[in-house]
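Subject: Handover of a structure for your review

Dear colleague,

Please find below the structure that I am handing over to you. My notes on what was found in it follow directly after.

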Amino acid sequence: MAGTQYRGSEITDVDQFINDADGLASEREREIGQHIGYRYDVNLVPDYDRITPYLTKYMEVMGWDDLNWLEDIHMGYEEGIPAVFDRNNNGWVRIPDSISLPDNQQDRDMIARELLLKYQMSDRHPLATLRKAYMKF
Amino acid sequence: MASVTDAELKAMTQEERVTALGMRTEQLTGKSLYVEFDPDAEERFTYPWAPQVDFNKRTEIDTDEMTTTEVNSKIRALMEEGYGTIVLKNPRGKHSVGVGILSRLNLIIEGSVGYFGVGLIDGPNVRVNGRVGWSCGENMMSGTVVVEKNAGSTFGAAIRGGDLVCKGSVGSRTGIDQKGGTILVGGDTGALTGFMMQRGRMVFCGNAGKNLGDSMYDGTIFVGGEIQSLGVDAVEAELTDLDKAWLTRKLTQYGLMPEQGVDHFTKIVAGRQLWNYDNLEPHEKKIVL
């Protein structure tokens with residue numbers, strides 16, 4: 001019966017969606033031609049032993065004892081390319097080739113947090129222009 | 001676009017601003033949607049438009065005779081003056097106090113607030129010495145909110161990021177439609193907690209009511225006490241060492257660490273039986289093609 005059973009596949013390797021952009025592992029995924037679910041573990045909590053100096057400084061400036069909203073930021077994989085989802089832009093932002101990826105998801109997530117933060121705080125972010133045009137008060 | 005100054009933009013109507021900023025001449029066809037990070041981006045910690053506030057610069061507002069709009073406008077005006085710590089006195093259960101604060105700030109509310117308190121915030125650290133009504137911290141984006149006493153229903157509705165803490169107990173439908181962030185509760189939570197949760201984390205040191213995590217799509221719920229019943233597709237999962245380290249850190253941070261530690265917590269996740277999207281799509285595609 002349709003709609004009663006999840007038939008997605010588990011994430012088994014950190015490079016899984018770089019090596020195989022489609023990620024059609026299960027029978028169900030091959031049938032519908034689409035990977036089911038996220039391309040990273042959204043429930044993975046950060047390992048604070050791997051935090052970077054820039055993120056530590058950010059926590060200090062904001063008066064926070066931990067990564068706060070950045071705990072939900074992970075490096076994802078869009079069309080076989082590492083990328084980060086930017087909620088303020090409602091879209092994926094890609095990681096440039098010049099940045100080499102560590103061999104584990106925790107360190108990749110820390111890089112993703114740094115890059116997203118710098119992008120959101122820059123004048124280059126679309127929100128800066130939108131704000132100038134549409135800010136009501 | 002670079003030739004238009006902020007002063008010139010301010011003097012324009014919205015329509016004129018949109019045109020001046022080149023938003024009408026943007027190429028719509030053949031445009032790449034791909035955006036790439038700049039690896040050499042400047043290290044900044046606040047939004048370009050955020051007021052420069054100093055946490056050591058403190059002031060108080062006696063809200064007794066003020067309307068909610070007046071209170072919220074006053075907070076903004078004080079932030080523009082550089083105040084980084086603002087104390088609200090005599091809130092008297094006002095609704096929608098402290099909403100829409102989009103930068104760093106220490107906000108201390110001495111008393112209780114009503115519905116939709118400190119919603120839509122992005123960055124501030126808020127402490128409420130009293131109780132809060134329904135939907136405290138709804139749509140919160142980042143920051144911390146600590147409520148010293150109890151909270152009403154739909155605590156942290158649709159929260160997207162940040163830490164929302166209640167040291168007492170909360171009502172029903174806590175974290176309904178949660179899309180990120182962490183909700184921490186020192187006491188109990190009511191029925192239908194985590195209903196349609198999509199991601200993020202909830203921690204309850206006390207008990208949970210009926211239908212916990214009903215129709216949750218993703219995310220994690222940790223419960224230290226008894227669970228009256230689980231909702232549709234909410235299932236128990238193994239508590240990992242990483243989970244325990246995270247729980248210990250988070251609970252200690254807000255003074256909620258139970259005497260017996262965190263080993264007794266039950267971890268609840270989505271059973272993924274409701275991930276039904278696209279189930280009918282192959283058939284629809286065939287019909288269309």
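Two residues are said to be in contact if their C-beta atoms, placed from the backbone, lie within 7 Å. Please bear in mind throughout that this is a predicted model.

**The core around Val147(B)**

With that definition in hand, one may look at Val147(B). Setting aside neighbours within four places in sequence, Val147(B) is in contact with Val128(B), Val132(B), Cys136(B), Val165(B), Cys166(B) and Lys167(B). Val147(B) also belongs to the largest nonpolar core, which has 60 residues. Val147(B) is listed there with Val145(B), Val185(B), Val203(B) and Val223(B) as the residues with the most contacts inside this core. Another core, of 23 residues, lies apart from the largest one, and Tyr40(A), Tyr58(A), Trp69(A) and Ala112(A) are among its members. As general background, nonpolar side chains tend to be buried together in soluble globular proteins.

**Chain B as a whole**

Chain B contains five helices and twelve strands. The C-alpha trace of chain B spans about 65 × 60 × 35 Å along its principal axes. Of the 289 residues in chain B, 42% are buried. When one takes the contacts in chain B between residues at least 6 apart in sequence, 26% of them join residues at least 24 apart.

**Where the two chains meet**

The open sheet has four strands in the order S1(A)-S2(A)-S3(A)-S1(B), and its pairing is mixed. Its edge strands are strand S1 (76–78) of chain A and S1 of chain B, each of which pairs on one side only. H4(A) lies across strand S2 (81–86) and S3 of chain A, and runs at about 50° to S2(A).

**The domains of chain A**

The domain assignment divides chain A into domain 1 (1–37) and domain 2 (45–134). The centres of these two domains of chain A, taken over C-alpha atoms, are separated by 26 Å. Their contact takes four residues from domain 1 of chain A and seven residues from domain 2 of chain A. On the side of domain 1 of chain A that touches domain 2 of chain A, there are four nonpolar, no polar and no charged residues.

Asn68(A) is found in the loop between H3 and S1 of chain A. Its phi is near 55°, a positive value in a residue other than glycine. Is Asn68(A) buried or exposed? Asn68(A) counts as buried because it has 22 C-beta neighbours inside 10 Å, and the cut-off for a buried residue is 20 or more.

Asp177(B) is found in the loop between strand S7 (163–166) and strand S8 (179–185) of chain B. Asp177(B), too, has a positive phi, of about 65°, although it is not a glycine. With 19 other C-beta atoms within 10 Å, Asp177(B) is partly exposed.

Gly209(B) has its place in the loop between strand S9 (199–204) and strand S10 (220–223) of chain B. Gly209(B) is partly exposed, with 19 other C-beta atoms within 10 Å. Leaving aside neighbours within four places in sequence, Gly209(B) is in contact with Ser172(B), Thr189(B), Gly190(B), Ala191(B), Thr193(B) and Gln228(B). Gly181(B) lies 28 residues from Gly209(B) along the chain, and their C-alpha atoms are separated by 21 Å.

Yours sincerely

How values were computed:
Residues are numbered from 1 along each chain as its sequence is written. Chains are lettered from A and ligands numbered from 1 in the order in which they are written. This is a predicted model: local features need pLDDT of at least 70, side-chain atom pairs count only at pLDDT 80 or more; totals for chains, interfaces and linings use all residues. Helices (H or I, at least four residues) and strands (E, at least two) are DSSP runs, numbered from the N terminus. A residue is buried if 20 or more other C-beta atoms lie within 10 Å of its own, exposed if 12 or fewer, and partly exposed in between; C-beta atoms are placed from the backbone. Domain bounds come from an automatic or database domain assignment. Ala, Val, Leu, Ile, Met, Phe, Trp, Tyr, Cys and Pro count as nonpolar, Asp, Glu, Lys and Arg as charged, and the others, Gly among them, as polar. A nonpolar core is a set of buried Ala, Val, Leu, Ile, Met, Phe, Trp, Tyr and Cys residues joined through C-beta atoms within 7 Å. Two strands pair if DSSP finds at least two bridges between them. Axes are lines fitted to C-alpha atoms, for helices over the stretch in contact, and angles run from 0 to 180 degrees between N-to-C directions.
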